[in-house]
Amino acid sequence: AVSDQNGAIVQRTPHLKIGVVDIKELSEISGPSEWIQFLLRHEINVRVLVPLFINQRLVSILGLYGRNLEEFDAEQLRLLNQLSSDVSFGLNDLSASERIWKSEQALIESESHFRSMIEQSAAGMYVRQGDRFIYVNPKFCDMTGYAKEELLNQQVYRFTTSDPGNLECIRQAWLELDAGAPSVTYVVPLKRKGGEMLELELLAK
């Protein structure tokens with residue numbers, strides 16, 4: 001088999017197609033070649049090229065040789081055509097799987113990097129789903145005095161005052177975000193674990 005090097009195969013054999021082998025007598029091949037002359041001296045007179053493609057691009061050729069055309073009957077050529085199609089299909093599938101795997105790895109690395117940045121952030125951060133905390137970073141825990149386990153899955157309202165104006169401010173901010181606002185800034189009082197009140201300016205996205 002011959003692998004492509006900077007498109008050299010395509011330049012030499014632009015006529016090759018998926019699922020179609022190329023069979024020729026060596027005497028028909030133009031241009032001097034020490035390799036062809038060597039084969040002819042050893043009574044090897046026929047060459048069959050089985051092209052292999054990835055995403056419609058010729059990437060490799062399987063070369064078979066014989067003494068005469070009769071060695072490659074119609075059934076053998078059919079099987080070789082099928083081999084070209086099946087292997088190219090397999091290479092396409094492998095290429096697609098590799099691309100998916102690389103994308104997944106890149107996503108995992110990006111997520112890991114992003115999470116590391118948040119975990120090490122000097123700003124307190126949390127993520128809510130509905131009205132409950134589903135993520136808090138270490139700095140937010142430091143600010144509130146609560147451990148992560150004490151905050152997760154707890155209602156946000158539990159850690160602020162029940163003043164109607166305060167609750168309405170929170171609900172209004174959430175409604176704006178749900179309506180598509182890119183960000184909302186609002187101020188809420190936070191009850192720390194020790195009982196102290198802390199006024200927080202929140203930038204919600």
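Student: Why does leucine 91 count as partly exposed?

Tutor: Leucine 91 has a relative accessibility of 24%, and the classes are buried under 20%, exposed over 50% and partly exposed in between (1.4 Å probe, protein chains only), so leucine 91 counts as partly exposed. This is a predicted model, with residues numbered from 1 along each chain as its sequence is written. Local features need pLDDT of at least 70, side-chain atom pairs count only at pLDDT 80 or more, and totals for chains, interfaces and linings use all residues, while side-chain values use heavy atoms, with hydrogens and water left out.

Student: Where does leucine 91 lie, and which residues does leucine 91 touch beyond four places in sequence?

Tutor: Leucine 91 belongs to helix α3, residues 74-119, where helices (H or I, at least four residues) and strands (E, at least two) are DSSP runs numbered from the N terminus. Not counting residues up to four places away in sequence, leucine 91 touches Leu52, Phe53 and Ile54, a contact being heavy atoms within 4.5 Å.

Student: How far apart are tyrosine 65 and leucine 91 in space, and what makes tyrosine 65 partly exposed?

Tutor: Tyrosine 65 and leucine 91 are 24 Å apart, C-alpha to C-alpha, at a sequence separation of 26 residues. Tyrosine 65 sits in strand β4, residues 57-66, and its relative accessibility of 34% falls in the middle class, so tyrosine 65 counts as partly exposed. Its contacts, leaving aside neighbours within four places in sequence, are Trp35, Leu39, Ile44, Val46, Arg47 and Phe72.

Student: What shows whether the protein chain is spread out or a compact globule?

Tutor: The elements give the setting: the protein chain has six helices and eight strands, in the order β-α-β-α-β-β-α-β-β-α-α-α-β-β from the N terminus on. The radius of gyration is 34 Å, well over the 17 Å that the globule rule gives for 205 residues, so the protein chain is more spread out than a compact globule; the radius is taken over C-alpha atoms, and the rule is 2.2 Å times the number of residues to the power 0.38. Along its principal axes, the C-alpha trace spans about 100 × 30 × 25 Å, and 28% of the 205 residues count as buried.

Student: Which residues touch the most other members of the largest nonpolar core?

Tutor: A nonpolar core is a set of buried Ala, Val, Leu, Ile, Met, Phe, Trp, Tyr and Cys residues joined through side-chain atoms within 4.5 Å. The largest such core has 19 residues, of which Phe133, Val136, Leu151, Phe159, Trp174 and Tyr186 touch the most other members. At least two residues of this core come from each of β6 (132-136), α4 (138-144), α6 (164-178), β7 (184-191) and β8 (197-204). A second, separate core has seven residues, among them Val21, Val46, Val50 and Leu80. In soluble globular proteins, nonpolar side chains tend to be buried together.

Student: Why is phenylalanine 140 called buried, and what does phenylalanine 140 touch?

Tutor: The relative accessibility of phenylalanine 140 is 4%, a value below the buried limit, so phenylalanine 140 counts as buried. Phenylalanine 140 is found in helix α4 and touches Gly124, Met125, Tyr126, Phe133 and Leu151, not counting residues up to four places away in sequence. Its C-alpha atom and that of leucine 200, 60 residues away along the chain, are separated by 11 Å.

Student: Which class do asparagine 55 and asparagine 153 fall into?

Tutor: Asparagine 55, in the loop between β3 (46-54) and β4, has a relative accessible area of 43% and is therefore partly exposed. Asparagine 153, in the loop between α5 (148-151) and α6, stands at 52%, so asparagine 153 counts as exposed. Phi is near 55° for asparagine 55, a positive value in a residue other than glycine, and phi of asparagine 153, also a residue other than glycine, is positive, near 70°.

Student: What makes valine 127 partly exposed?

Tutor: Valine 127, in strand β5 (residues 126-129), has a relative accessibility of 38%, so valine 127 counts as partly exposed. Leaving aside neighbours within four places in sequence, valine 127 is in contact with Arg132, Phe133, Ile134 and Tyr135.
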